[in-house]
Amino acid sequence: MHSFSNRKTILLYGETGNGKSSFGNLILGSNLFPVSDYEDSFTTKTSKKSSLIFPMIDVIDTPGFSDSDGRDDSLFNDLKGSLKNERIDFVLLILNFQTPKFDRETQLLVKILCNVFQRNLIQHLGIVFTFL
């Protein structure tokens, strides 16, 4: 059995429809996060799954932000509550390559991440471009 301290947790974060759940399934090696073929928000709750291929990796999938439902404030509060007792090692910001701009919504997402994670986020942040 592996020690908890050796486990690494990856948080997937980004706007609705950018492929966070699909990318999480790629990392996990199995379709553990439900996905949709549509751009509408499908993930409604933050959830954590463990990799079947890499037993030392956990992935946290989050609901998408900046969707048409206007639920961002509620989602941010739920995210903060869900991550309160989690140790996050890496944050992957998932962006859609078809619109690869760092717009105001994306800047806001990064600012919120900086508020949620008190330590220096830039040392633990990666950007993934999906081709949706």
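User: Is Arg7 buried or exposed in this model?

Analyst: The model is predicted. Buried means under 20% relative accessible area. Arg7 has 16%, so Arg7 is buried.

User: Which residue forms a salt bridge with Arg7?

Analyst: A salt bridge needs a side-chain nitrogen of Lys or Arg within 4 Å of a carboxyl oxygen of Asp or Glu. Arg7 pairs with Asp58, with the closest N and O atoms 2.6 Å apart. Arg7 sits in the segment before β1 (8–14) and Asp58 in strand β3, so the pair ties together parts 51 residues apart in sequence. Asp58 is buried too, at a relative accessible area of 5%.

User: Where is Glu86, which is linked with Lys48?

Analyst: Glu86 is in the loop between α2 (72–83) and β4 (90–96), 38 residues from Lys48. The closest N and O atoms of this salt bridge are 3.0 Å apart. Glu86 is partly exposed, at 29% relative accessibility. Through shared partners, Arg7, Lys48, Asp58 and Glu86 join into one network. The structure holds four salt bridges.

User: Which residues form a nonpolar patch on the surface?

Analyst: Leu32, Leu52, Ile53 and Phe54 do, with about 390 Å² of accessible area together. Phe54 lies in the loop between β2 (47–50) and β3 (57–61). Its relative accessible area is 45%, so Phe54 is partly exposed.

User: What pattern does the protein follow along the sequence?

Analyst: The order is β-α-β-β-α-β-α-β. That gives three helices and five strands.

Technical notes:
Residues numbered from 1 in each chain as written. Predicted model: local features only at pLDDT ≥ 70, side-chain atom pairs only at ≥ 80, totals over all residues. Heavy atoms only, no water. Patch = residues over 30% accessible without salt bridge, like charges linked within 9 Å, V, L, I, M, F, W, Y side chains within 5 Å. Areas by Shrake-Rupley, 256 points an atom, 1.4 Å probe, with all protein chains shown as cover. Helix = DSSP H or I, 4+ residues; strand = E, 2+ residues; numbered from the N terminus. Buried < 20%, exposed > 50% of the residue type's maximum accessible area, 1.4 Å probe, protein only.
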